[in-house]
Amino acid sequence: MNRLLPALFLGLLFQGALHASTQVAEERLRTAVDEVLAVAKASSNPGSLAEKLHPILPKYISFEAMTRRAVGPGWRQFSPNQKKEATKLFTTLIIRNYSSKFTPGLNPEIVFNKATAPAQGRVEVPTTILSQGSRYVVTYRMEDSEGWKITDVVIEGVSLVANYRTQFDAEFKKGGAEAVVDSLIQAVAQKS
């Protein structure tokens, strides 16, 4: 019995730390959502919204982690310059796609559901978004790396990172890091 007490105590401490982590991460996400919605409401069109969000979102989203995970194991074969370029292009692509989902002047209703901590340093915050009569379930995956940042977004059960990984994996198999960067250049050019 005496041996169980330290383990129980550590378990309670760990649970308390996880609970505190989920609260801090959720608060960080709420701040991000509030800031983005304020900018979206004041924006007149999606193109200008993307420009306005470009300096804001990197405070809340780890685009480097998202890009690295979207590329997958091939990321190790990217040169430092290719990593930098791929991250820059992927950031532009994600911000454009994200901002195109907003209707200028309208704010969706967002309900934050109970956050969970699947592992230490990781939190998932499920939300329900109600917009123009439609309902979407969106889960934000966050990690504590120099502050809580979003590392993936799961929309209606589909991971943004996994979705892009399928595309990037095919490109990487065709022509390595250069093919992935080229496909990102083309994707960004098409959306301009």
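Visitor: How much space lies in the largest pocket?
Guide: This is a predicted model: local features need pLDDT of at least 70, side-chain atom pairs count at pLDDT 80 or more, and totals for chains, interfaces and linings use all residues. A pocket is an open set of points on a 1 Å grid over the protein atoms alone, where a 1.4 Å probe fits, with protein on both sides within 12 Å along at least five of seven lines. Its volume is the space filled by probe spheres set on the points. Here the largest pocket holds about 900 Å³.

Visitor: Which residues are the closest to its centre?
Guide: Lining residues have an atom within 4 Å of a point. The largest pocket has 32 of them. The closest to the centre are Tyr 98, Lys 101, Ile 129, Val 138 and Ile 155.

Visitor: Which element gives the most to this lining?
Guide: Helices (H or I, at least four residues) and strands (E, at least two) are DSSP runs, numbered from the N terminus. Residues count from 1 along each chain as its sequence is written, and side-chain values use heavy atoms, without hydrogens or water. Elements giving two or more residues include α4 (80-99), β4 (134-144) and α5 (160-191). The most, five residues, come from α1.

Visitor: How many residues of the lining are charged?
Guide: Asp, Glu, Lys and Arg count as charged. The lining has 24 nonpolar residues and seven polar ones. The charged count is one.

Visitor: What is the bridge partner of Thr 116 in β3?
Guide: Strands β2 (116-119) and β3 (122-131) run antiparallel, joined by two bridges. In their hairpin, Gly 121 takes a positive phi near 85 degrees. The partner of Thr 116 is Glu 124.

Definitions and conventions. Pairing = 2+ DSSP bridges.
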